[in-house]
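Dear colleague,

Please find below the structure I promised to pass on to you. My notes on what was found in it follow directly after.

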Amino acid sequence: MAGAIDGVPLLLQVAKQQVEELELKTSELHQHFSGPLRGSTMLVNGLRYINARYELIAIGLFSLFEARMQTHSPKRFFQGIISSLNDANCQDLATQFEIYYLAINVLKHGEGSSFQKLLEKSSLPFEIERAGSEFAKEGDAAKPEGLINIVDTNFFPGLLHTLDSVYEFLEGE
């Protein structure tokens with residue numbers, strides 16, 4: 001029999017379950033409001049509500065990850081982790097961690113230096129609002145309000161995998 005799950009593994013499991021529930025709710029909404037009801041206010045509000053829950057999960061998960069792992073790099077936590085990963089020749093993981101760190105900052109603060117750094121990246125594992133992109137499509141009332149499309153099917157799997165990998169790295173140090 002396995003031991004109790006706690007700490008970061010518990011956080012990751014809870015976040016994964018929450019995301020799976022939201023994916024199911026999104027699918028149910030689209031099925032219920034298909035055809036002539038496609039643009040209904042109830043559908044739009046339902047999708048906005050779900051998007052807000054995604055944002056809360058992402059920001060909360062990242063904040064709690066920092067709180068649980070603070071002892072590994074008490075000063076300048078995120079930069080310290082990125083430095084440790086680079087020093088250990090884990091550049092790909094360092095890059096992914098930095099990307100998600102920047103994305104969470106954008107979710108919390110909007111446009112600013114973190115958003116500008118994301119715009120400078122040649123490729124991202126999720127969609128951001130760039131001038132002329134489909135994500136920035138005019139008139140889509142259900143479009144996520146922020147600059148990061150966290151409803152993108154790649155966002156949460158990548159975030160969860162990255163945090164799990166960083167956790168494993170830090171615990172193995």
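**Notes on the structure**

Leaving aside neighbours within four places in sequence, serine 114 is in contact (heavy atoms within 4.5 Å) with Leu102, Asn105 and Val106. This is a predicted model, in which local features need pLDDT of at least 70 and side-chain atom pairs count only at pLDDT 80 or more, while totals for chains, interfaces and linings use all residues. Residues are numbered from 1 along each chain as its sequence is written, and side-chain values use heavy atoms, with hydrogens and water left out.

Serine 114 belongs to helix 5, residues 113-120 (helices are DSSP runs of H or I with at least four residues, strands runs of E with at least two, both numbered from the N terminus). Serine 114 counts as buried because its relative accessibility is 12%, where buried means under 20% relative accessible area with a 1.4 Å probe, protein chains only.

Asparagine 149, placed in strand 2 (residues 148-149), likewise counts as buried, at 12% relative accessibility. Its side chain makes a polar contact of 2.9 Å with the side chain of glutamate 127 (a pair of N or O atoms within 3.5 Å; within protein, one must be able to donate a hydrogen and the other to accept it, and residues adjacent in sequence count only if both atoms are side-chain atoms). The side chain of asparagine 149 also reaches the backbone nitrogen of valine 151, at 3.2 Å.

Best regards

Methods: Buried means under 20% relative accessible area, exposed over 50%, partly exposed in between (1.4 Å probe, protein chains only).
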